[in-house]
Structures are given as C-alpha cells and as structure tokens.
Amino acid sequence: MSERSTATVEIRERKSGFRSFVSKLNISTWAGLIIVLALLAAAIFAPQLATHSPSKQNIMDQLAEPGSQYLLGADQFGRDIWTRLLYGARYSLTIGFFAIVVALFAGTFIGMIAGYRGGRIDIIFMQVMDVVLAFPSLILGLALVALMGATLTNIIIAIAFTATPAFARIARAGVITQRDREYVQACQAMGFSGPRILFRHIMPAILPEVMVMASLWMATAVRTEASLAFIGLGLAPPTPTWGGMVRDGFDNILSAFHLAIVPSLAILLLVLAFNLIGDGLRDVIDPRLKDAS
Amino acid sequence: MNIKFPKSCLMAAMLGATALAPLPALAAKTELSLGAGAEDIGRLDPHYAASTIDRTLVAWIFGGLVRFAPGTTDPAQIEPDLAESWDVSDDGLVWTFKLREGVQWQHGYGEVTAEDVVFSLEKSADPERSAYASEYSAFEKVEAVDPYTVRITLSQVIPNVLGPLANYAGGFIISKKAYEERGDAFSRQPVGFGPFQLDTVESGVAAHFTAHQDYFRGEPELSKVTYRFLNSASARDLAFLAGEVDAITGLADQKWLERTLAIDGVTVDVFDPAELTILHINSQQPPFDDLRVRQALAYAVDASRIAQYRGPEFTRVAKSVVPSNNLGYTEDNGYMAFDAEKAQELLAEAGYPDGLTVKMISSQLPSYESSNQILQAQLEEVGITLELEPVEHATWHQMIRQDLSPLVSYGAARFPVADVYLTQFFHSDSIVGTDTAVTNFSHCDVADEQIEAARVETDPQKQIALWEEAQKLIIEAVCGVPTTETAGVWARHGNLDWGFDFKGSMSLGPLLTEKTRFTD
C-alpha cells in the first residue's frame with residue numbers, strides 16, 4: 001500500500017471517530033451546547049442586542065415592571081435589566097472559562113508530574129493539593145478575593161486556585177494508569193526524554209477525562225463567581241454581574257421580585273448547560289463512570 | 001373489683017380540674033427583639049462609638065449628667081439624669097453638679113460616685129482615649145468635691161455647657177473601676193448605669209441585653225432585649241413580617257415605606273436628627289489639591305436625584321456643610337448648585353479635558369451603596385469616572401480614618417449646634433491620620449479661626465455670624481460637597497410602646513427606657 005492511501009485511511013478513521021463521537025452525544029448534551037452557544041452569542045453581541053446602556057440610571061423608572069420600555073423591567077436605579085443581563089453574561093462566561101482554563105493547565109501539569117515521577121514529588125505535590133481541596137471552593141475563593149481585591153483577574157485567579165486540585169487529582173490518576181503501559185515502556189526503551197513521553201504520548205490519553213472535568217467545573221466556577229458577587233465580593237459597581245444583580249434584587253425582593261429572579265434564572269441556565277455538557281461528554285468518553293455514579 | 005365511672009363523670013371532673021387550676025396570667029411579653037442593619041458591633045466605649053448602631057446601643061447602656069428628654073433632640077429640653085441639680089457661678093465659669101445618691105452600676109460594680117464622673121470627663125477630654133476630646137477643650141478642671149458633688153471649671157465661657165455633658169458621645173459616664181479592670185475589652189464589655197446592660201455579643205448574630213435591675217428610675221419593664229444583626233434589608237423585612245422581631249431599622253426609601261405601611265398594625269417612626277451626608281474631598285491629594293477640580297466635583301453632583309431616589313418623606317437636598325437643624329446654619333453660603341457644563345469647563349481648565357478617574361472606598365451599608373452608585377452615574381456624565389471599592393461598613397469606618405480614600409461620603413448627625421459639626425469635620429485638629437483625629441477627611445483648615453472664635457464668643461449674634469462665615473469659607477474651598485439630609489426611620493409592631501413620643505434621638509436609633517414595653 002502506498003503512503004498516500006495510508007494517510008487517507010487515517011483521516012477517514014479520524015473523521016469517522018469524530019462522527020461517532022458526535023453521534024454518541026445525547027439530546028441533553030446538545031441542549032447544553034445550544035444554551036452555552038446562545039449565551040456566548042448574547043455576550044458577544046450584547047451592544048447590538050441591548051436596548052439601553054448597562055449603567056445609565058433613570059431614577060424615575062426605579063423598579064419598573066417588565067414591559068415595552070424595559071423588556072425585563074428596571075432595577076432600583078432604573079437601569080434596564082435585559083441590557084445588564086446581556087453584559088453580565090460577558091463576565092460570567094469570561095470568569096467561568098478563563099478560571100477553568102488556568103486551573104486546567106496548572107492542575108493537569110502538577111498532576112502529571114506528580115503521577116509520572118512518583119515518590120517524594122508525588123507526595124509533596126498531592127499533599128499540597130489535598131490541603132487546598134480541603135477547603136470548600138466558595139470559602140477559599142472568598143478568602144482569596146478578600147485578600148487580593150475584587151478585580152476580574154483576581155477573581156479568575158481565586159477561582160482557578162480552588163479548582164486546580166481537582167484537575168491535579170484526575171491527571172495524576174490518568175498518568176499512573178498509563179505510565180506502566182507497553183507504549184510508554186517502548187518510548188522509554190527508545191530513549192525519549194521524560195517530558196516528551198509525558199506531554200506527547202501520555203497526555204492525549206488522559207485529556208478526554210480532563211476535558212469532562214473542565215466542563216463540569218465551569219459550572220462550579222460560574223456559581224462561585226455569582227456567590228462571591230452576591231456576598232459583595234464581586235466586580236465593583238456599576239459593572240453588571242449576574243451575582244451582583246441578584247444581590248441588588250434581593251434587597252428589593254419584597255417590592256419587585258423580578259430583579260432577583262431574572263439573573264438567578266440566567267445563572268441557573270448557564271450552570272445547567274455546563275453540567276449537561278459535562279455529563280454528556282462523560283457518558284461518551286467513559287461510560288464506566290456513569291455506572292459508578 | 002372493677003369500678004367503672006360513667007364517662008360523663010370523668011369529663012365533668014376534668015373540666016372542674018381545669019377550672020380550678022390557676023389561669024396563666026395574660027401578661028404582656030417582656031422580651032424585645034430588634035433587627036438592625038449591621039453585621040456586628042464596632043466599639044461600645046461610648047467615647048469612641050461612631051457608627052449608627054454603636055451610638056444606638058451605648059445610649060441604652062450609659063447615661064450622662066443630664067439627658068435629652070427621651071424622643072427629642074432639642075437642647076432646650078435637656079433634663080437631669082445622674083445630676084439632680086446644678087449651680088453656675090456668676091461669671092459662668094464654675095459649674096457645680098449635685099449627683100443623685102444610690103445610682104448603681106450594672107454588673108454589680110457598685111455605686112456611681114463623683115470619682116467616676118471625674119474619670120469619665122477626663123477621659124472624654126483626652127485625645128488618646130476619646131474621639132470627642134475637642135468638645136472639652138474649654139474644660140479646665142473637673143473635680144470631685146465630695147462623693148456626690150462634681151465641680152467643673154471652664155477656662156472660658158462656652159455657649160452650651162450642658163451639651164457635652166448630656167447622654168451623647170463624650171458625655172456618657174463610664175465606670176472607672178470597670179474600665180480599669182477590663183481595659184481594651186471594655187469596648188465589647190461595657191459597664192454603665194443605664195436601663196439595659198450588655199450581657200453577650202454573638203459576633204455576626206446578635207447582642208444580648210438584660211434589664212439593669214437596680215436602674216435608678218426603676219426596674220425596666222422589659223426583661224431582655226435582643227439586638228439582631230440583620231444586615232440584609234430583605235431578611236430584616238421578612239423577619240419583621242413574620243413577627244420574629246418587634247421593630248427594625250427601616251430604609252429611607254419610598255417603596256419600603258409604602259410596603260411597610262401596608263402591613264397591619266405597623267407604625268413607622270421617622271425621626272430627627274436628619275443625617276447630613278457630605279462628600280468630603282481630600283484637598284491634599286492630587287487631583288483634588290487643585291481647587292478647580294474640587295469645584296468641578298461640586299458642580300457635577302446633582303443631589304436632587306439622590307433625594308428623589310429616597311423619597312421626600314425622609315430626604316431633602318442639603319445646602320450647607322452643617323445640618324439644617326443646627327444653631328448657626330445658613331444657606332447663604334455660596335452653595336454650588338448642579339451645573340454639568342460648568343463642571344466640564346472647570347475640569348478642562350484644570351487640565352482634564354477628557355475627564356479623570358478617581359477612587360472611593362464605599363460602605364456596603366445599603367443606604368451608602370445606593371447613594372454612591374447614583375453619585376457614580378452622575379459624575380460619569382461630566383467625565384469623572386468614580387471607581388467604587390465596596391467594603392463592609394465597620395471596615396469602611398476604619399479605612400477612611402486611615403486616610404485611605406480621597407473621597408469620603410459620610411452621613412452624620414451631631415449635637416445640634418454648628419460648632420460640633422464644624423469642629424469634627426472641618427477643623428484642623430480633627431484631620432484624620434493625626435493624633436487628635438476625628439472625622440476631618442478633607443484636611444480642611446480654612447475656617448479654624450472662625451470656629452475657634454465662635455466657641456468663646458459670648459454674644460449670640462456674633463457667634464452665629466462666625467459660624468456662618470465658617471460655612472462660607474468651607475464651601476468656597478470645597479472641602480466637602482453637601483448632598484442630602486436623611487431622617488432616621490424605624491418600623492415597629494403596634495403593641496410595642498417606646499415609652500415616649502419618638503420624634504428624635506441623638507443616638508440615631510430608638511432609645512430604650514425603663515418605660516419601654518409591650519401593650520398586650
């Protein structure tokens with residue numbers, strides 16, 4: 001067989017691999033994906049979709065009910081809730097995504113090194129991770145944000161820090177199951193360096209599980225960010241964040257409950273979507289996990 | 001043998017027994033539960049108590065030589081408290097107070113004597129142990145003539161001697177023995193001779209009080225008072241609605257008022273003094289060291305919008321740097337009314353044609369949070385970006401006193417004579433970060449001369465003229481921008497009777513007296 005035909009077969013196999021992967025996704029995963037994409041579109045096109053300015057106050061219209069002027073009503077300063085919801089999506093998605101990307105890189109790296117090297121390094125790295133893991137993510141995030149100040153970067157760092165151990169654990173477990181496989185021994189016999197074996201050969205094998213973890217943790221990150229904002233450690237006003245909107249709404253819940261309900265539903269929707277995606281991916285990538293749970 | 005009683009006999013016996021049993025007396029309840037907009041207490045050493053809740057609580061625990069008649073803030077209605085009577089020398093310099101005998105300290109600290117009074121007033125006048133020392137600068141000597149007589153000698157005649165001796169700020173008398181024994185812990189374990197003693201503080205949950213059994217006006221009708229920290233306005237409202245608390249701090253907000261008045265049997269007390277909120281501008285820090293920038297800020301603030309947000313029932317636009325109920329208040333002071341164009345012109349002139357960004361540490365107390373956000377939106381319109389840094393209220397009180405915020409929006413009410421407000425907020429002795437620091441956040445010193453001269457001026461007309469001049473100078477130098485005056489507001493269920501007509505409270509919250517009770 002010529003070289004070209006081998007390549008064609010490989011591509012075909014990859015394609016069919018992707019197709020079979022996609023075909024295995026269940027309906028709820030699709031629902032999750034659609035919701036996330038829709039919210040992403042809302043965030044990107046917020047200026048086009050918005051009907052008002054997110055920080056413009058109209059005191060005369062405070063706590064206005066949903067209607068033609070204000071699609072989802074107005075808050076205590078007469079700011080349009082629909083507009084603030086759209087802009088708020090930017091912060092929720094940005095924080096959810098970047099915090100988890102940072103945690104994914106940091107945690108996976110730490111876990112892989114610990115798993116591959118074993119011995120003392122493994123013990124030290126994982127003990128540290130266990131200490132971090134011992135704190136509930138909200139409490140730890142709260143302490144870090146209070147310490148560093150509530151800026152976008154700091155919130156991302158704080159949430160990433162709380163999520164890192166989860167990735168370290170899963171990456172380490174993956175590496176330990178792979179490290180004694182024949183292909184790894186073959187690599188070692190060929191004299192490949194440790195990093196090369198780890199990052200070029202072992203990593204692809206553990207990545208799917210890490211990705212499942214990432215989508216599930218994105219939900220947690222969104223939730224943590226909203227919780228921080230709710231207790232007053234979110235981005236400074238007038239930045240519209242969903243958690244901050246719930247906080248504002250909560251103070252007026254007896255006068256106008258839509259202030260709190262609308263952003264709460266948005267948070268619910270995004271968290272649900274990430275969970276649906278995570279569950280779906282998990283079912284496809286590692287059905288055993290489903291049985292286990 | 002098996003004896004059977006007819007069922008009807010049994011029923012009759014049971015009914016008879018029930019009738020004979022003593023009926024539980026339908027006594028009114030004696031445990032009061034209040035909901036406050038706070039997360040915790042700060043300092044209950046009355047000579048430092050600054051926040052609204054601390055002031056409210058120290059007024060239950062402590063008393064003064066004299067007191068404002070409960071429910072009033074009128075200096076003309078000051079009445080005896082610990083002092084039974086007093087004499088003044090002909091030259092007005094020597095004041096002799098005769099103390100009531102047998103007045104007992106709380107927690108078994110014995111009788112209140114002249115020695116305690118001397119100790120307290122000396123502490124109040126000592127800037128190292130009091131935040132109100134400047135009010136006692138004319139007090140030359142305080143001495144105990146005998147256990148029940150205190151003589152105060154003044155270095156010069158001052159207009160209102162009873163003011164600093166009333167149940168307010170530095171006027172509260174503390175137990176010498178308890179203070180010396182408890183040291184720093186006194187702030188959380190205070191001992192006074194007022195009607196209610198503090199038993200425990202559950203951090204973040206509640207402060208628990210019991211009646212001071214030996215209170216000299218008689219044992220209080222209430223046996224226990226729980227002051228719950230319910231910082232979330234909604235949680236507080238819900239607790240009130242469910243009857244978990246008998247009275248709550250209200251919100252100076254029209255929607256809140258409408259909603260609360262709609263509840264059956266609820267009374268809303270709106271009371272003086274209205275707290276004057278001023279946006280203090282630190283004139284030492286750039287960009288505010290430039291007068292034009294301060295002026296621009298003054299022109300950029302449209303206080304009517306904050307007043308409108310709160311509602312006319314509670315709030316009016318403030319037009320001077322002392323509260324409008326103060327003796328010596330004037331509106332003829334060069335007050336800069338809102339003018340966005342002028343603000344922009346001044347900014348451009350000062351070298352900020354594209355606007356500027358400034359930082360402000362902001363309290364998370366809902367009333368501050370909302371006013372500051374309205375302010376933020378207003379300033380944005382003239383190109384000033386106000387970066388708010390929200391922190392918890394007690395932390396905010398600490399941070400602004402460390403000179404950490406170039407802009408400080410601060411609401412306060414003081415003894416209603418212009419001297420007190422002017423001294424505490426605009427005299428150089430009160431500049432934050434100094435040894436004698438009080439609340440001069442702006443580092444203002446332009447009216448020192450007038451404030452000091454007014455303090456010793458014996459001609460009332462001239463004194464008022466000096467205070468008016470001081471206000472003009474402070475407004476001219478834009479040490480602060482007055483925004484609003486907001487009255488205090490509490491809501492209570494109808495069966496709670498404060499024991500007086502609640503029209504005012506120097507302690508910024510309801511005073512509890514021996515007569516406070518439930519009517520059913």
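In the predicted model, Ile110(A), Ile113(A), Ala114(A), Gly115(A) and Arg117(A) of helix α4(A) meet Gly119(A), Ile121(A), Asp122(A), Phe125(A), Met126(A) and Met129(A) of helix α5(A). Contact here requires C-beta atoms, placed from the backbone, within 7 Å of each other. The residues of this contact comprise 7 nonpolar, 2 polar and 2 charged. Nonpolar covers Ala, Val, Leu, Ile, Met, Phe, Trp, Tyr, Cys and Pro; charged covers Asp, Glu, Lys and Arg; the others, Gly among them, are polar. Helices (H or I, at least four residues) and strands (E, at least two) are DSSP runs, numbered from the N terminus.

This is a predicted model, in which local features need pLDDT of at least 70 and side-chain atom pairs count only at pLDDT 80 or more, while totals for chains, interfaces and linings use all residues. Residues are numbered from 1 along each chain as its sequence is written, and chains are lettered from A and ligands numbered from 1 in the order in which they are written.

Helices α4 (residues 81-117) and α5 (residues 119-134) of chain A pack at about 145°, with axes 7 Å apart. Axes are lines fitted to C-alpha atoms, for helices over the stretch in contact, and angles run from 0 to 180 degrees between N-to-C directions. The crossing of α4(A) and α5(A) is left-handed (the near helix is turned anticlockwise from the far one by less than a right angle; clockwise is right-handed).

Helix α6(A) spans residues 137-148. Ser137(A), Gly141(A) and Val145(A) of α6(A) are buried. They lie on the same side of α6(A), because they cover an arc of only 55° around the axis. The arc is taken from the directions from the helix axis to the C-beta atoms. Ile139(A) and Leu147(A), on the other side of α6(A), are exposed. Buried means 20 or more other C-beta atoms within 10 Å of the residue's own, exposed 12 or fewer, and partly exposed in between, with C-beta atoms placed from the backbone. The cover over the buried residues of α6(A) includes α7 (152-179) and α9 (194-230) of chain A. Gly149(A) follows α6(A) and has a positive phi, near 100°.

In chain B, the axes of α8 (residues 303-310) and α10 (residues 366-381) come within 10 Å and cross at roughly 140°. This crossing of α8(B) and α10(B) is right-handed.

Terms used. The expected span of a helix is 1.5 Å times one less than its number of residues. Two residues are in contact if their C-beta atoms, placed from the backbone, lie within 7 Å.
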